[in-house]
Amino acid sequence: MAVTKVYIVYYSLYGHVDTMAREVLRGASAVEGVEATLWRVPEMLSDLILEKLKAPSKPNDVPDIRPEQLVEADGLIFGFPSRFGMMPSQLQAFFDATGGLWASQALAGKPAGIFWSTGFYGGGQELSALTAITQLAHHGMLFVPLGYTFGRGMFEMDEVKGGSAYGAGTFAGDGSRQPTELELQQAFYQGKYIAEVTKKLKG
């Protein structure tokens, strides 16, 4: 049986998206015949700036990805912390470097999903996904939202929960809040769901 490759490509400054990405990876890897891999978007900030921002060290088990490597994947899941309702400059710069792939439409037809982290309620839990979809559309990728397939977890009202019909999400607050068990469950589910869709489309 041919292996279905799913790449989880993300940027994380304070670790919240990294935590979510690892659950997305676990979910995707739970699908038989799927090979899921974590990739990090290259950092643009200098070590001095990162130190002033009190950003933790990047994990050394996730390699940086080059734009041309996206072609290797059958499906893609992008994760990022929101900046004013949009993806941060690191991921934007990465997409800006995919002009050659756009010209040849090398990514057209590949299913893709999005997950994110925002500071607070007004930080773009839905807008972050909507503004990121434009990148997928220009490449001809097939955006795969979760809809309400996550079930009861989509209707949780007794606790703070990120995410929406567009994908999994978390709230970082002032930085001290970490993804909750329910948010991690949705991240796992998203990885599994998109991996299953990718496998179907490939088959």
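At a relative accessibility of 5%, Ser-117 counts as buried, a label given to residues under 20% relative accessible area, while exposed stands for over 50% and partly exposed for values in between (1.4 Å probe, protein chains only). The structure is a predicted model, in which local features need pLDDT of at least 70 and side-chain atom pairs count only at pLDDT 80 or more, whereas totals for chains, interfaces and linings use all residues. Residues are numbered from 1 along each chain as its sequence is written, and side-chain values use heavy atoms, with hydrogens and water left out.

Ser-117 belongs to strand E4, which covers residues 111–118; strands (E, at least two residues) and helices (H or I, at least four) are DSSP runs numbered from the N terminus. When neighbours within four places in sequence are set aside, the contacts of Ser-117 are His-16, Val-17, Phe-80, Pro-81, Ser-82, Thr-170 and Ala-172, contact being defined as heavy atoms within 4.5 Å.

E3 and E4 run parallel and are joined by 6 bridges, with Gly-79 standing opposite Phe-115 of E4. E4 and strand E5 (residues 142–143) also run parallel and are joined by 2 bridges, and here Phe-143 of E5 is the bridge partner of Ala-112.

Helix H1 comprises the 14 residues 16–29, which at 1.5 Å a residue should span 20 Å, and the end C-alpha atoms are 20 Å apart, in agreement with that value; the expected span is taken as 1.5 Å times one less than the number of residues. The buried residues of H1 are His-16, Val-17, Asp-18, Met-20, Ala-21, Glu-23, Val-24, Gly-27 and Ala-28, and the elements against which they pack are strands E1 (4–10), E2 (34–40), E3 (75–81), E4 and E6 (169–171), together with helix H6 (181–202).

An α-helix has 3.6 residues a turn, so residues three or four places apart point the same way. Asp-18 and Arg-22, both in H1 and 4 residues apart, about one turn of the helix, meet in a salt bridge at 2.9 Å, N to O. Of this pair, Asp-18 counts as buried at 13% relative accessibility, whereas Arg-22 is partly exposed at 26%. Glu-23 and Arg-26, likewise in H1 and 3 residues apart, form a salt bridge at 3.1 Å, N to O; Glu-23 is buried, with a relative accessible area of 16%, and Arg-26 is partly exposed, with 48%. Through salt bridges that share partners, Asp-18, Arg-22 and Asp-61 are joined into one network. A further salt bridge links the side chains of Arg-177 and Glu-183 (3.2 Å, N to O), and Glu-183 is buried with a relative accessible area of 0%.

Loop residues supply two backbone features. Most residues other than glycine have a negative phi, and most peptide bonds are trans. Phe-84, although not a glycine, has a positive phi of about 55 degrees; Phe-84 lies in the loop between E3 and helix H3 (89–96) and is exposed, with a relative accessible area of 85%. Gln-105, also not a glycine, has a positive phi of about 55 degrees and is placed in the loop between helix H4 (99–104) and E4, where Gln-105 counts as partly exposed at 33% relative accessibility. In the loop between E2 and H2, Met-44 touches Ser-89, Gln-90 and Ala-93, not counting residues up to four places away in sequence.

Definitions and conventions. Two strands pair if DSSP finds at least two bridges between them. A salt bridge is a side-chain nitrogen of Lys or Arg within 4 Å of a carboxyl oxygen of Asp or Glu.
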